[in-house]
Structure formats: C-alpha cells, structure tokens
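Reader: I'm new to this one. Could you walk me through how to read it?

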Amino acid sequence: MRPATTLELLATPAEVSGVRRALRAYGADVQLCASELVTNVVQHLGEGVPVTVRVWCDDGGRTRLEVTDPDPRALPVPRASVGADEESGRGLALLDALAARWGVTHGPGRGKTVWCELEAGPGGGAVPVVSAGGPGRTATAGRDPR
C-alpha cells in the first residue's frame, strides 16, 4: 500500500476548493466525493469544524477516501428525492453512484469518519504524499454491492 495523503483543515467553503486542488492527482471522482463530504460538514456542523481528509490507494487499485469530523451524532442520510429546483441534497446520491461502497465508522474517541472506496479508473497517475499515515479502521457499515 502507498502512503496516504492527509489534509487537516477547518471546514469552510473556501477549503472545499482547496481539497479538490490537493486531490487532483486522484482523479475527478475522488475530488467530487471529497468535496461533497467536506461540504456536508460545513452545512450540517458549521464552518470552522476541524476535519481530516485522508486518501490512499490499496495494492488492488482501489482508492479509499475518509473524512473525519468530531461529531459522532450527525450521520449522513441520503435524501429520498430532491426537486429539480433545489440547490442542495444530491451529495450522498453522487457519492453512492460513484463509490463501490461507503459507510461510517466511529473511532475509539469522539467523532466519526465517513468513508468511500472507488475502483481504479483508466490512466491512474502518481499519488502525491502530503503526509504519511496509515488507515485507522473500526467496524464499518455502508453499501457494498458484492
């Protein structure tokens, strides 16, 4: 497994675009999923909440994205339907469509991690390393089509 890219930030709308730029080498799907998950933190927990974004590729070619925030209670819930004129509410539907599987883990301390795994796409490039770190895993729950 390659080293992880780890970004520690305060969730704000301006930081969302910074996350997309920092994850450019992972491809558009990873950028979109990360953008949606960090935006959810801003919308549901508020601006300035500390967030850790971690991405890595496993030896099988899958990319795992994790977004960790300090609130264990604010769980992501996909909306059943979103009207054509509504400006938000599609983020988890996008995540569900792009990811092979996704879910939420609760760590030993406070907080939660929303994660997703994406299959390797054609023409995958080099993976940048911002800081090295290994994946912390606990029991998971989420969509798994296998």
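Author: What follows is a short chat about a few strands and residues.

Author: This is a predicted model, where local features need pLDDT of at least 70, side-chain atom pairs count only at pLDDT 80 or more, and totals for chains, interfaces and linings use all residues. Residues are numbered from 1 along each chain as its sequence is written, and side-chain values use heavy atoms, with hydrogens and water left out.

Reader: Is strand 5 mostly covered or mostly open?

Author: Strands are DSSP E runs of at least two residues, and helices are H or I runs of at least four, numbered from the N terminus. Buried means under 20% relative accessible area, exposed over 50%, and partly exposed in between (1.4 Å probe, protein chains only). Strand 5 covers residues 112-118, and seven of its seven residues are buried. Lys112, Val114, Cys116 and Leu118 point one way, while Thr113, Trp115 and Glu117 point the other.

Reader: Which strands pair with strand 5?

Author: Two strands pair if DSSP finds at least two bridges between them. Strand 3 pairs with strand 5 in the antiparallel sense over seven bridges, with valine 67 partnering valine 114. Strand 4 (residues 101-105) is also antiparallel to strand 5, over five bridges; there, threonine 105 stands opposite threonine 113.

Reader: What is threonine 63 in contact with?

Author: Contact means heavy atoms within 4.5 Å. Leaving aside neighbours within four places in sequence, the contacts of threonine 63 include Cys116, Glu117 and Leu118. Threonine 63 lies in strand 3 (residues 63-69) and is buried, at 8% relative accessible area.
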